Structures are given as structure tokens and as C-alpha cells.
Amino acid sequence: MVNGLTLELFDFQNDAVMKLLDLTTDSRSKQTIVVKSPTGSGKTIILIGFVDEYLNKVNANTAFIWLCPGKGDLEEQSRQKMRAVAPHRNTQNLFDALQNGFPPESTTFINEPV
């Protein structure tokens with residue numbers, strides 16, 4: 001069960017977080033992981049839950065880079081969602097990373113133009 005977020009995940013979201021943890025911590029797993037779900041189903045929340053759980057239970061000495069492909073400000077929307085749902089987590093944008101690097105327990109949100 002994911003704890004520490006300002007909202008409670010639905011069972012399927014919690015299951016997805018746990019599956020992601022299992023896949024990313026299995027040293028034998030070499031697969032690409034794709035999270036695919038309808039718009040509005042909570043993919044962003046699932047990934048925020050995964051980041052939080054990974055840092056809490058697996059390795060706090062980790063920095064995440066969150067790439068958002070396409071035009072617009074999706075990376076800033078994702079960052080704002082993480083600030084709202086996991087305010088205890090350090091978030092930054094590309095400009096912050098250029099100044100600060102990628103400190104442990106941080107998530108850096110970057111737009112990747114297509």
C-alpha cells in the first residue's frame with residue numbers, strides 16, 4: 001500500500017505502483033516498461049506513487065528524470081501535480097538542474113520536444 005501521498009490511490013493504481021516496484025527492483029528484468037491507460041485514469045498519480053515508494057523503500061540515493069514528450073507545458077503540469085500530491089518530495093525543472101545538478105531524492109521534469 002502506498003503511503004505518504006496527500007490522496008489515497010484506487011486499488012488498481014496501488015497495484016500498478018507495486019508492479020512497477022517489482023519490475024524495477026528485479027535485477028534479472030531487462031524489459032522496457034510501458035504504463036498505458038485511458039486519459040484521466042491516473043497515470044501521473046501512479047508514477048508519483050512509484051517515485052515515492054521507490055525512494056522510501058528501495059533507494060533514497062536516487063534521482064529521477066521525468067521526460068514529457070511533445071509541445072506545451074506537460075512537464076510543468078506533472079511537476080505541479082507531484083507538488084500537490086507529494087509535497088515532501090523535491091521537484092525541479094531543467095533550469096534548476098543546470099544550477100543544482102540532480103541531487104538524491106529529486107525528480108527533474110523535462111520537456112522533450114518531438
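**Pockets and core of a predicted model**

Good morning. The second largest pocket has a volume of about 180 Å³, where volume means the space filled by probe spheres set on grid points joined across faces, edges and corners. A pocket here is an open set of points on a 1 Å grid over the protein atoms alone, where a 1.4 Å probe fits, with protein on both sides within 12 Å along at least five of seven lines; lining residues have an atom within 4 Å of a point.

The model is predicted, so local features need pLDDT of at least 70 and side-chain atom pairs count only at pLDDT 80 or more, while totals for chains, interfaces and linings use all residues. Residues are numbered from 1 along each chain as its sequence is written, and side-chain values use heavy atoms, leaving out hydrogens and water.

Around the second largest pocket we find, among others, L20, L23, L47 and F50. Its largest share of lining, three residues, comes from α1; helices are DSSP runs of H or I, at least four residues, and strands are runs of E, at least two, numbered from the N terminus.

The largest pocket has a volume of about 360 Å³. Of its 15 lining residues, L47, W66, L67, C68 and S78 lie nearest the centre. β1 gives the largest share, six residues.

Finally, the largest nonpolar core has 20 residues: buried (under 20% relative accessible area, 1.4 Å probe, protein chains only) Ala, Val, Leu, Ile, Met, Phe, Trp, Tyr and Cys residues joined through side-chain atoms within 4.5 Å. Its largest share, seven residues, comes from α2.

Conventions: Buried < 20%, exposed > 50% of the residue type's maximum accessible area, 1.4 Å probe, protein only.
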